[in-house]
Amino acid sequence: AGQQTTTIPVTLTVVNSINSIDVTLPASFPVSVLDGKVLTATNVDIRNNSTKTKVEVTDVRVTDGAYKVVNYESFPSNDKGKIAMSLNGCTTTGAGVLSISKTAFPVIGEGETLPINYKAKVAATGATRKLNAANVIITLKAVKS
């Protein structure tokens, strides 16, 4: 019986389909209540720092903090310890996922900025300072150009 040696090539394919995301998100969504009037910042945005990748907001959630997140449209102003928010016109219905649209959260191009126009309704109790009233969770994904 004879022997035979065969060389079999190893074919290597490398695909880099995952685009890195280089985005600056807001450090906070400050809300102040001054003599009963609710004030929010006007300079909040999401910045896409990438020169090669577009990004898309795929999910926005508002969760309870020290205050309970409630419905923005039917806000119970006399029920203390509640907060409701609107981000680019997308409003809370309670804690959890906001129903977002492509109009409110369009794809953010390379080097572009998406302004976040947010509003809040608050039923506050007593004087507080730097209280974590609620949390905003934003999920992004890279979009192929």
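**Entry 1: aspartate 59**

I began with aspartate 59, which I found in strand E5, residues 54-64. Strands here (E, at least two residues) and helices (H or I, at least four residues) are DSSP runs, numbered from the N terminus. The model is a predicted one, in which local features need pLDDT of at least 70 and side-chain atom pairs count only at pLDDT 80 or more, while totals for chains, interfaces and linings use all residues. Residues are numbered from 1 along each chain as its sequence is written, and side-chain values use heavy atoms, with hydrogens and water left out.

Is aspartate 59 buried or exposed? I noted that aspartate 59 counts as buried because its relative accessibility is 15%. The classes are buried under 20% relative accessible area, exposed over 50%, and partly exposed in between, with a 1.4 Å probe and protein chains only.

I then looked up the side chain of aspartate 59 and recorded a polar contact of 2.7 Å with the side chain of arginine 61. A polar contact is a pair of N or O atoms within 3.5 Å; within protein, one must be able to donate a hydrogen and the other to accept it, and residues adjacent in sequence count only if both atoms are side-chain atoms. Leaving aside residues up to four places away in sequence, aspartate 59 touches Val97, Ile100, Ile137, Ile138 and Thr139. Contact means heavy atoms within 4.5 Å.

**Entry 2: the partners of E5**

Which strands are joined to E5? I found 10 bridges between E5 and E13, which run antiparallel. Two strands pair if DSSP finds at least two bridges between them. One of the residues concerned is lysine 54, whose bridge partner in E13 is valine 143. E5 is also joined by two bridges to strand E10 (residues 96-97), again running antiparallel. There, arginine 61 has valine 97 of E10 as its bridge partner.

I returned to lysine 54, which belongs to strand E5 and counts as partly exposed because its relative accessibility is 29%. Its C-alpha lies 8.5 Å from that of glycine 111, although 57 residues separate lysine 54 and glycine 111 in sequence.

Next I checked lysine 144, in the segment after E13. Lysine 144 is exposed, its relative accessible area being 63%.

**Entry 3: a three-stranded sheet**

I looked up an open sheet of three strands, with the order E1-E4-E11 and antiparallel pairing. Strand E1 (23-24) and strand E11 (113-115) stand at the edges; each has a single partner strand, so one side of each is left without a neighbour in the sheet. E1 is joined by two bridges to strand E4 (residues 45-48), and the two run antiparallel. Threonine 24 stands opposite arginine 47 in E4.

**Entry 4: the largest pocket**

For the largest pocket I recorded a volume of about 760 Å³. Of the 25 residues that line this pocket, Phe29, Pro30, Val31, Leu131 and Ala133 are the closest to its centre. Strand E2 (31-34), strand E7 (82-87) and strand E13 (134-143) are the elements that give two or more residues to the lining. The largest share, four residues, comes from E13.

The search used a 1 Å grid over the protein atoms alone; a pocket is an open set of points with protein on both sides within 12 Å along at least five of seven lines, and lining residues have an atom within 4 Å of a point.

How many residues of the lining are nonpolar, polar and charged? I counted 17 nonpolar, six polar and two charged.

**Entry 5: two residues with positive phi**

Aspartate 35 has a phi near 50°, a positive value in a residue other than glycine. I placed aspartate 35 in the loop between E2 and strand E3 (37-40), and it counts as exposed at 80% relative accessibility.

Asparagine 88 also has a positive phi near 50° and is not a glycine. Asparagine 88 lies in the loop between E7 and strand E8 (90-91). At 18% relative accessibility, asparagine 88 counts as buried.

**Entry 6: the whole chain**

Of its 145 residues, 30% count as buried. Among contacts between residues at least 6 apart in sequence, 72% join residues at least 24 apart.

Technical notes:
On a 1 Å grid over the protein atoms alone, a cavity is a set of points where a 1.4 Å probe fits but cannot get out, and a pocket is an open set with protein on both sides within 12 Å along at least five of seven lines; lining residues have an atom within 4 Å of a point. Grid points are joined across faces, edges and corners, and a volume is the space filled by probe spheres set on the points. Ala, Val, Leu, Ile, Met, Phe, Trp, Tyr, Cys and Pro count as nonpolar, Asp, Glu, Lys and Arg as charged, and the others, Gly among them, as polar.
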